[in-house]
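Please keep the view open and follow the points in order.

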Amino acid sequence: MATVECISSPEDLEKFRQEIKAKREPSKLSVSVCVSTGCVALGGLGVMQAFKAELDKQGLKDKVELKETGCLGFCEQGPRVTIYPEEICYLRVQPEDVSEIVSKTILEKQVVERLLYKDRASGRTAQKLEDIPFYKYQLRLLLGDNAKIDPKNIDDYIVLGGYDALAKSLFKMTPEQVIEEIKRANLRGRGGGGFPTGSKWETTRGAPGEPKYVVVNCDQGDPGAFMDRSLMEGNPHSVLEGLIIGGYAIGAHEGFVYVREEYPIAVENISVAIKQAEQYGLLGENIMGSGFDFRVKVHRGAGAFVSGESSALMTAIEGKVGEPRPKYVHTAVKGIWDKPSCLNNDKTWATVPLIILRGAEWFKRIGTKGSSGTMIFSLVGKVNNTGLVEVPMGITLRDLIYKIGGGIRAGKKFKAVQTGGPSGGLIPEEYLDLPVDFDELAKVGSMMGSGGMVVMDEDTCMVDTAKYFVDFLLEESCGKCIPCREGLRALSKILNDICEGKGKDEDLKTTEDIAETMRDASLCALGQTAANPVLSSMKYFRDEWEQHIGYKCCSAGACKALTNYYIDPKKCQACLFCLKECPVGAVQGGKNQVHWVDQAKCVKCGTCYEVCNFNAVKKLSAEPIPPPPTKGTKPIRKRK
Amino acid sequence: MEKVITLKIDDKEIKAQEGTTILEAAKQAGIKIPTLCHLEGLEPYGACRICSVEIERRGKSRVVAACCYPAEENLKVVTRSPKIDKIRKTIIELAASTAGEDVAGEMRALASEYHANLSRFRTGVPNEPTKCILCGICVRRCTEATWDSAIGFIGRGANRRIVLFPEKAGTCVICNYCQHVCPTGRITSIGPDPPFPHVDEVLSGRK
């Protein structure tokens, strides 16, 4: 970060930007290493260290710029390293690969083929990010700059046009015009509710009471979703700039960023960003000489899922236990300390500068009529390519899962996709061509949520899945209102019974009674939507429920109590794989002897099923287990 | 001077001050909406959801808690319908899953009125009945009376319960503020029965 006098006008900002640009040669080699959560977990910091040491050793320290950057979403392929200006993208890089990258790519301009992305189907490699199928169909408005930005260096953000939108808002637009622009863009809340952002801002601006607050929600706690933290980790200034613009439009002089304590990189990066913006005069008193004052505090959340709910989050900011309160009067009117408070998800805030700079018309051209812009999904589960994908609204589930996700793993059959986090619905195959936006998902009993997308294959049991989410929400419910607290407790009991083969005929009716009461009468959105996975599972996969209850059969073989593992002696090649991997020694047989499962010892962990390369391990449910083969039976060898 | 608004509750035209809740407006008109966690003089809490009513607004019908929802001009409210009765019955049955069949007071009366089967969800619940539905009236009354509550909530979700803070127990027994307001009859003139566990007993896992 350069030392700088306070930026005291938009002209100053532009002058400063040109100064940074002049100092940076566009042709200079630059190595960008991802140090966001996913890549760090896979060894990204080690790679970073190795680069530092290697560049030092080769005397390239001044010739090559080394940059710690944020997440690009393809975390399963991490750690990711990108070499500029050629934009060569290396995946799954380990510290021992670094010297080869330096000597080959940096010194000799050659590509290290083995570290490039290799397509599973075609075997082709891809050098640039946009050539990788996972990225080809994405439109990365929010996450796109992450590879070019060191989140701890405000200069990187400014060079790319950062804080121009703020300058434009403060000097060329009135607060009303800013709100009007957001309204015209039809921006809807990215946290899941899809409430029109512009209208919410207008409500808070018009609500009686001072001071007013603006708040960033970065409390994402859904299992399997991590886009909010990735955005905050990778590009905190985009969120901050959006927040300041929102503060100006709404008439707030104080903002809060609510981040989970469990996201240490996000907490650190936004804190650094705030400090740097203050030093530059882009935050604090008299921003850029405009006369507008604005301050931001980071509030670290103690990690309760329910605190992502707006009224609970605001109660937590007040220093109390994060419990929802009745909000028939919206938090936009009566929020933190009963003052008008405008809460938006960090993705919503980060979208604001883009709209201000490029205009509402540009934004509206992206996405569908009812839902403009892009959405970041966390595509996980049984797909080949998992990670964060940013796509225009309206893309079909099929394109998301098959084109970007590369289809279902191991050639299995698709069964369902769950959107919207733990309280989203399960969507069956017949709706795969559904365009994904706020309204279409609601029509089939699910929701956008904050963008979780869990893909399930034929081995997933839909009753077991409903049970999983009910148990998750039972842990996370605050326990204040009866329908949610006791409803989830009762549902959990019933679902656990059904999965253990103790289901009764009346359970279906009872489940519906509870689910409907929870939906209609719960205090907050957590309870109101908690029954979604149960209701949608019952609606679209009723046959599975009936099988579980009536025949004690789990056709997916996922419910342990209803499933037995059996090795087909005709298919077993006696490879010893499952025999060695079985954690309890239940697989019997030996070298050149057909294997079999000792049912008395088996704990049904499914390891044998997972490791078998010959499709010999079967899951049996509600059918008799054939007796084991006679001792010493030789395998029937497959012809090569 | 507060504005007077007109709304319809159970087809009856009612005038109410702006800012009153549906529950208060109904009460003034002599229409009874059942409550368990509401007590006049305390801030609306919205936890028991027994006061759920159906409202119609801009042609859309939805269920809201009457104790918190503000009365609005031209609002249409239905306080009894098959849907509402079923919600109330299910809520009482769910509440009894931990409170037990042996409840008294308002909850007992409502159980009879709505034909709730208090043992419907009791099967397979291992714990002793608590006789408590966590309505929080006692906790809120205590806070109000002592400014420093001798009892309070602990735990989240299914683990939520009320505990006694022993170091503050001295402030208890003086005001009797929590007595006779308990909707399940757990707190009588001899104190709560069963008694509230001490906070350290709960934290150490002994209770």
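1. In this predicted model, the contact between the two chains draws 26 residues from chain A and 26 residues from chain B. On the side of chain A that touches chain B, the elements that give two or more residues are α18 (462-476), α19 (482-499) and α20 (507-521) of chain A, and the largest share, eight residues, comes from α19(A).

2. Chain A is divided into domain 1 (23-148), domain 2 (162-364), domain 3 (380-457), domain 4 (462-551) and domain 5 (563-620). The centres of domain 3 of chain A and domain 5 of chain A, taken over C-alpha atoms, are separated by 33 Å.

3. A hairpin of chain A deserves a careful look: β17(A) and β18(A) form it with two residues between them, and N592(A) in the turn has a positive phi of about 60°. The strands β17(A) and β18 (residues 593-597) of chain A pair in the antiparallel sense over three bridges, and G590(A) stands opposite Q593(A) in β18(A).

4. As for confidence, the model scores ipTM 0.95 and pTM 0.91. Chain B averages a pLDDT of 89, and 96% of the residues score at least 70; within chain B, confidence is lowest in strand β9 (residues 191-192) of chain B, at a mean of 83, and highest in strand β5 (residues 76-78) of chain B, at 96.

Methods:
Residues numbered from 1 in each chain as written. Chains lettered and ligands numbered in written order. Predicted model: local features only at pLDDT ≥ 70, side-chain atom pairs only at ≥ 80, totals over all residues. Contact = placed C-beta atoms within 7 Å. Helix = DSSP H or I, 4+ residues; strand = E, 2+ residues; numbered from the N terminus. Domains from an automatic or database assignment. pLDDT = per-residue confidence, 0-100. Pairing = 2+ DSSP bridges.
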